[in-house]
Amino acid sequence: QVQLVESGGGLVQTGGSLTLSCAASRSMFDFNDMLWYRQAPGQTREWVATVSNGFTTFSGGDSAYADSVEGRFTISRDNAKNTVYLQMNNLKPEDTAVYYCHTNYQYRDYWGQGTQVTVSS
């Protein structure tokens, strides 16, 4: 079993920054890639970013991003702390959503409970 707990959400003005954290209940060394998704009200959940488990490679190196956040968001992982981060800069009102972290471990999908990010215009 894996538990993922997100934190760091909040209310921020347009152009501001936030850093989200996702703490895992066990060592992440055995996990597959770690991902962030988001879901805005009335919208389907959408992929935001992926950071590699060390075996996957992307055109941009060890991470990949949705076009809508490329250049503004940075995903990273600290396996020693069992934590994944999402640094979000130059936030826009359209970034308002509940943000979830996700991974697959032993062929099962795991999601956190989500953290709300609200960007005011």
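Leaving out neighbours within four places in sequence, Ser76 is in contact with Val51, Thr83, Val84 and Tyr85, where contact means heavy atoms within 4.5 Å. Ser76 sits in strand β7 (residues 73-78); strands (E, at least two residues) and helices (H or I, at least four) are DSSP runs, numbered from the N terminus. This is a predicted model, in which local features need pLDDT of at least 70 and side-chain atom pairs count only at pLDDT 80 or more, while totals for chains, interfaces and linings use all residues. Residues are numbered from 1 along each chain as its sequence is written, and side-chain values use heavy atoms, with hydrogens and water left out.

**More about Ser76**

- Ser76 counts as partly exposed because its relative accessible area is 31%; buried means under 20%, exposed means over 50%, and partly exposed lies in between (1.4 Å probe, protein chains only).
- From Ser76 to Gln39 the C-alpha to C-alpha distance is 20 Å, and the two are 37 residues apart in sequence.

**The chain as a whole**

- The protein chain has 11 strands and 0 helices.
- Along its principal axes, the C-alpha trace of the protein chain spans about 40 × 30 × 25 Å.
- Of the 121 residues in the protein chain, 45% count as buried.
- Take the contacts in the protein chain between residues at least 6 apart in sequence: 55% of them join residues at least 24 apart.

**The open sheet**

- In the order β1-β3-β8-β7, 4 strands form an open sheet with antiparallel pairing; two strands pair if DSSP finds at least two bridges between them.
- The edge strands are β1 (4-7) and β7, and each of them pairs on one side only.
- On average, neighbouring strands of this sheet are turned by 15° against each other, direction ignored; the axes are lines fitted to C-alpha atoms (for helices, over the stretch in contact), and angles run from 0 to 180 degrees between N-to-C directions.
- Inside this sheet, β3 and β8 pair in the antiparallel sense over 6 bridges.
- Leu18 has Met88 in β8 as its bridge partner.
- A handy rule for looking at any sheet is that side chains in a regular strand alternate between its two faces.

- Strand β4 (residues 34-39) pairs with strand β5 (residues 46-51) in the antiparallel sense over 5 bridges.
- β4 and β5 form a hairpin with 6 residues between them, and Gly42 in the turn has a positive phi of about 75°.
- β5 is also joined by 3 bridges to strand β6 (residues 63-65), and these two run antiparallel.
- Val51, one of the contacts of Ser76, is the bridge partner in β5 of Met34.
- Val51 also stands opposite Ser63 in β6.

**The disulfide**

- The structure holds 1 disulfide, a term for a pair of cysteine sulfur atoms within 2.5 Å.
- Cys22 and Cys101 are the partners, with an S to S distance of 1.9 Å.
- The pair links distant parts of the chain, 79 residues apart: Cys22 is in strand β3 (residues 18-24) and Cys101 is in strand β9 (residues 97-105).
- Both Cys22 and Cys101 are buried.
- In general, a disulfide is a covalent bond between the sulfur atoms of two cysteines.

**Loop residues to look at**

- Thr96 is found in the loop between β8 (83-88) and β9.
- A polar atom of the Thr96 side chain lies 2.9 Å from the backbone oxygen of Pro93.
- A polar atom of the Thr96 side chain also lies 2.9 Å from the backbone nitrogen of Val119.
- Not counting residues up to four places away in sequence, Thr96 touches Ala40, Gln116, Val117, Thr118 and Val119.
- Asn90 is found in the loop between β8 and β9 and has a positive phi of about 50° although it is not a glycine.
- Asn90 counts as partly exposed because its relative accessibility is 42%.
- Gln106 lies in the loop between β9 and β10 (108-111), and its phi is near 50°, a positive value in a residue other than glycine.
- Gln106 counts as exposed because its relative accessibility is 59%.
- For background, most residues other than glycine have a negative phi.

Technical notes
Polar contact = N/O pair within 3.5 Å; in protein donor to acceptor, adjacent residues only side chain to side chain.
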